[in-house]
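Biologist: Walk me through this one as you would read it yourself. Start with strand pairing, please.

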Amino acid sequence: MAASLLLLIITLSLTHNTLAATGKTFQLEFHHRFSDKVQQWAESHGLPATWRPEEAPEGSAKYYRDLVRHDQVFLGRHGRSLSDSSVGDVYSFADGNETDRIPNLGYLHYAIVALGTPNQTFLVAMDTGSDIFWVPCNCKQCAPDTSSLYGKLAFSPNASSTSKEILCGSGRCDLPSNLRNPCVATSDECSYSIKYASYNTSSSGVLVEDVLYLTKQDGSDVQAPIIFGCGEVQTGSFLKTGATNGLMGLGMDNLSVPTMLAKQGLISDSFSMCFSSDGIGRLNFGDRGTSDQSETPFIIDSHNYPFYNISLTGIVIGNTTTDTSFTALVDSGTSFTILADPIYSQLTTTFAKKVKESRISDSSLPFEYCYQLSSSQTEVLLPHMNFTTKGGSMFPVLHPVALLLSETSQEPIGYCLAIMQSTNVNIIGQNFLTGLRIIFDRERMILGWKEFDCYTSVDSSKLPTQSNASATGPAAQAPGTIDPVATNLPSKESWAPYVSPSLIMSTLISIFLMVFILLCLH
């Protein structure tokens, strides 16, 4: 097993198999694609149609070790080892509310963001674990201005007629003390410096004001003035494979984009993110969720920097409940969930008792609890996994494992519980958020969630979504049952994803409509 594995993060998608008689058989789905918008943006910026750096091919052991290293990098941020939406409007970025998980750029979710007049577009990483929004700008040390991987970078304030300097004495140099560089004079430019980890990953520069282009749910365009970082100097992973085109902090501080939009009265002080198993997501500013979502309060320590921390009181795996008490950060900027003892041991050992496969050990894998499949095995029985949160709501973990494939045949030969161990921090990462729409309601100071595939309606009149028929799937199974989930493995003869008859029909209808519209336009 040691050197012959390709580790592909293929989460177990709990979508109903329409042919299953028991309702407990689920299909393993593999999706690998970039959205049309990201492809178009890439081509307009001189990037190739697909991004495949050879030094760490996607799926290789080195590739996923690099992803784990990225998570360890972002552990260092800031020194850290409902009711239906009826108030305010909902906004997305001008190019839509879609985000894309891009494996070769740190496995983060990215969105196309337009700034300045005339507008300049950037493929920016979305991060709920930090606050400052920055883009490469007036570069002294940035990722290469042009490359086959990143395309053309760098914002130019001088090229924007709406750009304004932020001076130390203006009253808008509103940075936390740990991010603000000392001002010598009130006429100095307001400078920032944010360190993300011990791996020498940072961004520094000066603050500027310019317009961010947004789209209202009724389709109208809005130019919102915001303050962001003109990132003159980047270090570490920002020069290579992570957020090279900029990073948008979505945290609670005054300079985060959601805070600025709320203070302008454009939105309710809330936003949502969803994460689909195919790598597509959604981000909507002002979305407060729906009345039937589950909720738990944020835990804010007045003596420490505010993060999206929640309190968890129990772990439910199958029919075993473990009472516990710990606080975890909900962080879209961390790929895999990270837990410290005793929580890590409680969860992993309970999970190990619930699965039938033999455990394997492989030093090339970044995860500790991995299991081998027999050559004739066609399904995996996995226990349901939930966290009990403060207030009693159950937080479902729909995608806890990663599949192991043979390097030579790409046949499934094992799987791993995709959790990493830390010494002193607990983070609910992107893999445990997959399959959910997460509401960051800073007005009510609650985290909300509801199962959502990022495509179909969630019965919220304030949630605009751009549909994509090619990825629409059946609804996910509701959490709470304690029976194991029977998950079909992919065919040994091919690696084609399961496609339901309804999906084929919806795709054909979409193609027909597109052709019809094009003919009408001509």
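Biologist: Which residue in S10 does Lys164 stand opposite?
Modeller: Two strands count as paired if DSSP finds at least two bridges between them. Here, Lys164 stands opposite Glu209 in S10. Lys164 belongs to strand S8 (residues 164-165), which pairs with S10 in the antiparallel sense over 2 bridges. The strands themselves are DSSP runs of E, at least two residues long, while helices are runs of H or I with at least four, and both are numbered from the N terminus.

Biologist: Before we go on, what kind of model is this?
Modeller: It's a predicted model: local features need pLDDT of at least 70, side-chain atom pairs count only at pLDDT 80 or more, and totals for chains, interfaces and linings use all residues. Residues are numbered from 1 along each chain as its sequence is written, and side-chain values use heavy atoms, with hydrogens and water left out.

Biologist: Back to S10, then. How many bridges join S10 to S11?
Modeller: There are 14, and the two strands run antiparallel. For a pair to look up, take Gly205, whose bridge partner in S11 is Gly231. S10 and S11 form a hairpin with 4 residues between them, and Gly219 in that turn has a positive phi of about 95 degrees. S10 also pairs with S3, again in the antiparallel sense, over 3 bridges. In that pairing Tyr91 has Lys216 of S10 as its bridge partner.

Biologist: How many residues of S10 are buried?
Modeller: Buried means under 20% relative accessible area, exposed over 50%, and partly exposed in between (1.4 Å probe, protein chains only). Strand S10 (residues 201-216) is mostly covered, with 14 of its 16 residues buried. As a general point, side chains in a regular strand alternate between the two faces of the sheet.

Biologist: And what is the picture for the chain as a whole?
Modeller: The chain has 6 helices and 30 strands. Of its 522 residues, 59% are buried. The chain exposes about 20600 Å², and carbon and sulfur atoms supply 53% of that (Shrake-Rupley method, 1.4 Å probe; for residues, only the protein chains shown count as cover).

Biologist: On to the cysteines. How many disulfides does a search of the whole structure find?
Modeller: The rule is simple: two cysteine sulfur atoms within 2.5 Å make a disulfide. The search finds 6. Count the bonded cysteines along the chain and the pattern reads 1-8, 2-3, 4-6, 5-7, 9-12, 10-11.

Biologist: Which residue does a disulfide join to Cys137?
Modeller: Cys230, with S to S at 1.9 Å. The torsion about that S-S bond is about -80 degrees, so the disulfide is left-handed. The pair links distant parts of the chain: Cys137 lies in strand S7 (residues 133-141) and Cys230 in strand S11 (residues 221-235), 93 residues apart. Both Cys137 and Cys230 are buried.

Biologist: Is the disulfide of Cys370 and Cys416 left-handed or right-handed?
Modeller: Right-handed, because the torsion about the S-S bond is about 105 degrees. Cys370 sits in strand S20 (residues 370-372) and Cys416 in strand S25 (residues 412-417), 46 residues apart. The sulfur atoms of Cys370 and Cys416 are 2.0 Å apart. Cys370 counts as buried at 1% relative accessibility, and Cys416 does too at 0%.

Biologist: Last topic, the rings. How many aromatic pairs does the structure hold?
Modeller: Rings of Phe, Tyr and Trp (its six-membered ring) pair if their centres lie within 6.5 Å; planes under 30 degrees apart are stacked, over 60 edge-to-face, and the rest tilted. The structure holds 16 such pairs. Take Phe93 and Phe285: the ring centres are 5.4 Å apart and the planes at 85 degrees, so this pair is edge-to-face. Phe93 is in strand S3 (residues 91-93) and Phe285 in strand S14 (residues 280-285), 192 residues apart. Phe93 is buried at 2% relative accessible area, and Phe285 is buried at 0%.

Biologist: Why is the pair of Phe298 and Tyr308 tilted?
Modeller: The planes of Phe298 and Tyr308 are at 45 degrees, with the ring centres 5.2 Å apart, so the pair counts as tilted. Both Phe298 and Tyr308 are buried. Elsewhere, ring pairs link Phe122, Phe133, Phe155 and Phe228 into a cluster.
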